[in-house]
Amino acid sequence: MSTDNTSPLNVGRQKRSDVRRNEQMLLDAAAAVFVRAGVDAPVREIAAESGLGMGTIYRHFPTRADLVVAVFRHQLDALAAAAHIPPAADTPYEVLRLWVDRFADFLVTKHGLAEALHSDQAGFESLHAEFVERLLPVLDQLLKASAAAGYTRADIRAYDFMLGIGNLCIGVETFPNYQARRMIDLLLDGLAQPAPAPTDSEPK
């Protein structure tokens with residue numbers, strides 16, 4: 001019996017695997033470049049970041065809008081998946097902070113999405129509604145886990161918090177040297193509960 005794995009079916013599977021791997025590399029690279037330089041960054045910068053040729057990028061994503069939407073969905077999927085990943089050694093508060101940091105990166109792409117889609121306002125609104133619908137339950141879950149463990153206040157609505165982060169990120173486009181991450185850190189610090197004072201039976 002032959003053990004040759006180079007049958008047409010296996011070759012086809014390998015090609016599909018290579019295509020998926022290249023696409024993931026492109027999306028990861030494009031997301032990093034977009035966060036660093038905006039969604040209008042040159043394609044050659046994305047190619048250098050990914051280690052793939054510009055022809056490969058255009059083959060996967062013929063237009064800038066195609067690429068921006070794909071990165072938006074790629075980031076959205078990663079943020080939504082956080083609800084199904086068991087927490088590591090980090091505390092619920094640290095998990096929340098890490099997610100918010102990635103969410104801020106995601107908003108950079110979203111802010112450039114409307115311009116990339118040009119006149120497709122309906123398409124933009126549909127993507128906006130999708131991101132709120134998918135990510136709001138995740139943020140709510142993270143906030144509740146952190147509050148239940150005593151790290152953060154329990155009276156914060158996920159929708160209000162999401163709006164707050166979004167509004168803090170908008171300043172990047174308006175004010176020179178605006179540090180959105182610094183403002184978000186201040187917001188998260190304000191969310192934290194003070195450490196409980198030691199009781200008489202505990203060492204001071």
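This is a predicted model: local features need pLDDT of at least 70, side-chain atom pairs count only at pLDDT 80 or more; totals for chains, interfaces and linings use all residues.

User: How many helices and how many strands are in the protein?

Analyst: Helices (H or I, at least four residues) and strands (E, at least two) are DSSP runs, numbered from the N terminus. From the N terminus on, the elements run α-α-α-α-α-α-α-α. The count is 8 helices and 0 strands.

User: Which percentage of the residues in the protein is buried?

Analyst: A residue is buried under 20% relative accessible area, exposed over 50%, and partly exposed in between (1.4 Å probe, protein chains only). The protein has 204 residues, and the buried share of them is 34%.

User: Among contacts between residues at least 6 apart in sequence, what percentage joins residues at least 24 apart?

Analyst: A contact means heavy atoms within 4.5 Å. Among the contacts in the protein between residues at least 6 apart in sequence, the share that joins residues at least 24 apart is 67%.

User: Are α5 and α6 roughly parallel or roughly antiparallel?

Analyst: Axes are lines fitted to C-alpha atoms, for helices over the stretch in contact, and angles between N-to-C directions run from 0 to 180 degrees. The axes of α5 and α6 are 11 Å apart, and the two helices pack at an angle of about 170 degrees. Angles under 35 degrees count as roughly parallel, over 145 as roughly antiparallel, 65 to 115 as roughly perpendicular and the rest as oblique. The angle therefore makes α5, relative to α6, roughly antiparallel.

User: How do the residues in the contact of α5 with α6 divide into nonpolar, polar and charged?

Analyst: The contact includes W99, F103 and F106 of α5 and F124, L127 and F131 of α6. Ala, Val, Leu, Ile, Met, Phe, Trp, Tyr, Cys and Pro count as nonpolar, Asp, Glu, Lys and Arg as charged, and the others, Gly among them, as polar. The residues of this contact divide into 20 nonpolar, 3 polar and 1 charged.

User: What distance separates the end C-alpha atoms of α4?

Analyst: The expected span of a helix is 1.5 Å times one less than its number of residues. For the 18 residues of α4 this gives 26 Å, which agrees with the distance between its end C-alpha atoms, 26 Å.

User: Is H74 buried or exposed?

Analyst: H74 lies in helix α4, which covers residues 64-81. Leaving aside residues up to four places away in sequence, H74 touches Q24, L27 and D28. The buried residues of α4 include V71, H74 and L79. With a relative accessible area of 17%, H74 is buried.

User: Which residues does A65 touch, not counting residues up to four places away in sequence?

Analyst: A65 is also found in helix α4, and at 21% relative accessibility A65 counts as partly exposed. The C-alpha atoms of A65 and A114 are 9.4 Å apart, although 49 residues separate the two in sequence. Beyond its sequence neighbours, A65 touches A116 and L117.

User: How many salt bridges are there?

Analyst: A salt bridge is a side-chain nitrogen of Lys or Arg within 4 Å of a carboxyl oxygen of Asp or Glu. One of them joins E45 and R36 at 3.4 Å, N to O, and R73, D77, E130 and R134 are linked in a network. By this rule the count is 12.

User: How many residues apart in sequence are the parts tied together by D185 and R97?

Analyst: The side chains of D185 and R97 meet in a salt bridge at 3.1 Å, N to O. D185 lies in helix α8 (residues 180-191) and R97 in helix α5 (residues 92-117), so the parts that the pair ties together are apart in sequence by 88 residues.

User: In which helix do D140 and K144 both lie?

Analyst: D140 forms a salt bridge with K144, with the closest N and O atoms 3.1 Å apart. An α-helix has 3.6 residues a turn, so residues three or four places apart point the same way. D140 and K144 are 4 residues apart, about one turn, and both lie in helix α6.

Notes: Residues are numbered from 1 along each chain as its sequence is written. Side-chain values use heavy atoms; hydrogens and water are left out.
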